[in-house]
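Here is a short briefing for a first look. Please keep the sequence and the 3D view at hand.

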Amino acid sequence: MKARFNVAESGGGSYRLLAILRWVMVVIFVSFGMQKFTLQSAQGIAQFISNSPFVSWLSLFGLRGEAYFLGVVEFAIAALLAAGAFIPILSAVGSLMGVVTFAITWSFFFTTPGVVIWSISTDPMAWNLAGEFLFKDIVLFCVCLVLFLASLPKSLVQSRTD
C-alpha cells in the first residue's frame, strides 16, 4: 500500500477548514519575505541572527545579504504552501519548513541577550518589545505544525478515534 499525502482542500468535514490556515500562512510568509528586503527589517533582525547558534552563519552575507536570504526562504515557503493546495507533498514540505523557521525564530527568545529578563520574584519573566515580537511565533509554529501533521499520510498519523 502506497502512503498518500493529504491536502486540506480535498478533504472533507472540518479537515477542509484547515485550508484557511494554509492561505493565512501564505499571506504571512509573503509579508515577512517582503519585509526582509527593507533596510529597516535587515537592521532589526541583525541582533537575533548574530546571537543565534542556528543562523549566525548568515552574517557571512552581510547585513542586507542575510535578510535577503531569509526573504527568499520565506517566499519559497509561501510558494510551497500555495502549491501544496494542489500537490500534497508540497504541502508537507512547505509546512515543515515553516515549523523549522518558527522553531528557529522562537529560539531567539532565549538566545538574544536582553530580550527576556528571568527572575525569581512576583514577575518571573519580563520581556521587551523584541520579546513581544518573538512571542507570537509560538502560535505560527503551531499553525505550521498542524498543517504539516494534516499533510502526512494517514498511515503515519493515526487519529485518537481509530
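This is a predicted model: local features need pLDDT of at least 70, side-chain atom pairs count only at pLDDT 80 or more; totals for chains, interfaces and linings use all residues.

Residues are numbered from 1 along each chain as its sequence is written, and side-chain values use heavy atoms, with hydrogens and water left out.

**Largest pocket**
- The largest pocket has a volume of about 640 Å³. Its 31 lining residues include Lys36, Leu70, Glu74, Thr101 and Thr105, which are the closest to its centre.
- A pocket is an open set of points on a 1 Å grid over the protein atoms alone, where a 1.4 Å probe fits, with protein on both sides within 12 Å along at least five of seven lines; lining residues have an atom within 4 Å of a point. The volume is the space filled by probe spheres set on the points.
- At least two lining residues each come from H1, H2, H3, helix H4 (88-111) and helix H5 (129-135). Helices are DSSP runs (H or I, at least four residues), numbered from the N terminus.
- H4 gives the largest share of the lining, eight residues.
- The lining holds 20 nonpolar, seven polar and four charged residues. Ala, Val, Leu, Ile, Met, Phe, Trp, Tyr, Cys and Pro count as nonpolar, Asp, Glu, Lys and Arg as charged, and the others, Gly among them, as polar.

**Salt bridges**
- There are two salt bridges (a side-chain nitrogen of Lys or Arg within 4 Å of a carboxyl oxygen of Asp or Glu).
- One joins Glu74 and Lys36, at 3.3 Å from N to O. Glu74 lies in helix H3 and Lys36 in the loop between H1 and helix H2 (39-50), so the pair ties together parts 38 residues apart in sequence.
- Glu74 is buried at 7% relative accessibility, and Lys36 is buried at 9%. Buried means under 20% relative accessible area, exposed over 50%, and partly exposed in between (1.4 Å probe, protein chains only).
- The other joins Lys136 and Asp137, with the closest N and O atoms 2.8 Å apart. Lys136 is partly exposed at 31%, whereas Asp137 is buried at 2%.

**Nonpolar patch**
- Val30, Met34, Phe37, Tyr68, Val72 and Phe75 make a nonpolar surface patch of about 500 Å². Helix H1 (18-35) and helix H3 (62-83) each give two or more residues to this patch.
- Patch residues have over 30% relative accessible area and no salt bridge, and nonpolar side chains (Val, Leu, Ile, Met, Phe, Trp, Tyr) are joined within 5 Å. Areas come from the Shrake-Rupley method with a 1.4 Å probe.
- Val72 lies in helix H3 and is partly exposed, at 49% relative accessibility.

Methods: Patches are made of residues with over 30% relative accessible area and no salt bridge: like charges are joined within 9 Å, nonpolar side chains (Val, Leu, Ile, Met, Phe, Trp, Tyr) within 5 Å.
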